[in-house]
Amino acid sequence: AAAILLRETGPGWLFSPVPSRKAAVMLCSLLTSLFLLHCLAGPCSSSSPSPVGASSSSSTFSTSGRGSVRTKRLVNGWSAAGAGAGASRTSPVLPPPDLVSSRKVSPRFAGKLSPLGEGSKKLPQALIIGVKKGGTRALLEFLRVHPDIRAVGAEPHFFDRNYENGLEWYRELMPKTLEGQITMEKTPSYFVTREAPARISAMSRDTKLIVVVRDPVTRAISDYTQTLSKKPDIPSFESLTFKNRTTGLIDTSWSAIQIGIYAKHLDNWLQYFPMDQILFVSGERLISDPAGELGRVQDFLGLKRIITDKHFYFNQTKGFPCLKKAEGSSKPHCLGKTKGRTHPNIDPEVVQRLRDFYRPFNLKFYQMTGRFFGWDD
């Protein structure tokens with residue numbers, strides 16, 4: 001800059017009593033350049049505050065040599081200046097990664113702030129696999145209150161009826177979930193489908209399985225009641241129960257009877273899944289103590305116990321608990337009119353024959369699960 005100044009004005013300008021305007025401009029330019037070079041060589045003032053974030057970023061960049069330190073100061077200074085200048089025009093700042101990872105801010109909440117916060121469809125990590133008329137619909141509706149559970153409402157029947165459609169077809173049926181949320185579905189017929197354990201294991205060996213079980217005699221009568229509501233002309237419960245009523249031989253080919261042989265079906269599942277990946281929920285306790293059973297389920301799924309007593313009230317008309325507030329609603333919610341039907345009167349002798357039939361299977365089931373359900377009291 002000095003050489004250019006001398007070339008343009010000549011050496012005499014320094015001794016001129018009134019320097020030309022052009023010379024004065026070039027002198028200012030020279031002084032400004034010298035000042036900038038001084039700042040790059042070190043701090044302009046020892047009393048000036050450090051740029052925002054300079055100390056925290058020193059561990060991220062290389063610290064070999066004074067040049068890298070100067071670079072860090074300049075980069076941090078520009079970042080801080082840019083943030084201050086555009087603060088009023090930019091979108092809300094997301095929580096820093098270390099804040100999210102420490103769980104001071106829920107990952108679910110942080111995800112909602114992201115442009116990608118709508119989530120994605122995933123294969124289910126947990127399944128309610130049975131049993132029919134055990135209380136699976138009630139359990140699913142109760143679980144959907146939990147903010148970290150997203151579940152399909154309808155029964156997909158993928159692992160028993162639609163398996164040929166493939167896993168991508170199945171995935172598309174799932175709701176979108178955010179990081180940390182669990183995808184679930186329920187299809188009660190899986191528990192009695194012989195191919196289901198192998199198919200689910202092929203999808204993921206880590207899948208958690210939930211089975212809602214109920215007194216097999218009561219369950220069979222409830223099953224029959226549901227069929228009767230759709231087909232009023234079917235034979236009586238008593239005639240369907242026996243192959244030969246005179247001999248008292250139970251017809252185990254009738255699905256209403258066959259489903260209740262829980263030990264037999266469980267043995268098939270244990271060929272593919274360890275017992276600690278299967279949770280058995282008592283259908284009776286789901287009615288008498290819904291919060292207690294839901295606590296066990298939340299623990300099993302590795303979730304915080306959010307669903308508690310405060311979520312339920314007992315409906316005397318229906319005879320089972322209802323939600324004070326359903327998912328996405330501020331109104332109380334009970335299961336539909338198809339739940340809680342009045343059972344027909346069944347011959348007590350037939351009921352006793354069924355209890356005698358199920359007793360050894362129940363005892364075996366208690367041994368396998370390590371839980372006494374009290375169906376033989």
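A charge sits over a ring if NZ of Lys or CZ of Arg is within 6 Å of the ring centre and within 35 degrees of the ring normal. The exercises below concern a predicted model.

**Exercise 1.** Identify the ring over which the charged end of Lys 208 sits.

Solution. The ring is that of Phe 300. The charged end of Lys 208 lies 5.3 Å from the centre of this ring.

**Exercise 2.** The structure holds 24 aromatic pairs. Classify the pair formed by Phe 191 and Trp 269, and locate both residues.

Solution. Step 1: the ring centres of Phe 191 and Trp 269 are 6.5 Å apart, and the planes meet at 10 degrees. Step 2: planes under 30 degrees apart count as stacked, so Phe 191 and Trp 269 form a stacked pair. Step 3: Phe 191 belongs to the loop between strand E5 (182-186) and helix H9 (196-203), whereas Trp 269 is in helix H13 (residues 262-269). The two are 78 residues apart, and their pair links distant parts of the chain. Step 4: Phe 191 is buried at 2% relative accessibility, and Trp 269 is buried at 1%.

**Exercise 3.** Classify the pair of Phe 357 and Phe 361, and state whether Phe 357 is buried or exposed.

Solution. Step 1: the centres of the two rings, Phe 357 and Phe 361, lie 5.4 Å apart with planes at 55 degrees, so the pair is tilted. Step 2: both residues lie in helix H16 (residues 348-369), four residues apart, about one turn of the helix. Step 3: Phe 357 has 18% relative accessibility and therefore counts as buried. Phe 361, at 30%, is partly exposed.

Methods: Residues are numbered from 1 along each chain as its sequence is written. This is a predicted model: local features need pLDDT of at least 70, side-chain atom pairs count only at pLDDT 80 or more; totals for chains, interfaces and linings use all residues. Side-chain values use heavy atoms; hydrogens and water are left out. Rings of Phe, Tyr and Trp (its six-membered ring) pair if their centres lie within 6.5 Å; planes under 30 degrees apart count as stacked, over 60 as edge-to-face and the rest as tilted. Buried means under 20% relative accessible area, exposed over 50%, partly exposed in between (1.4 Å probe, protein chains only).
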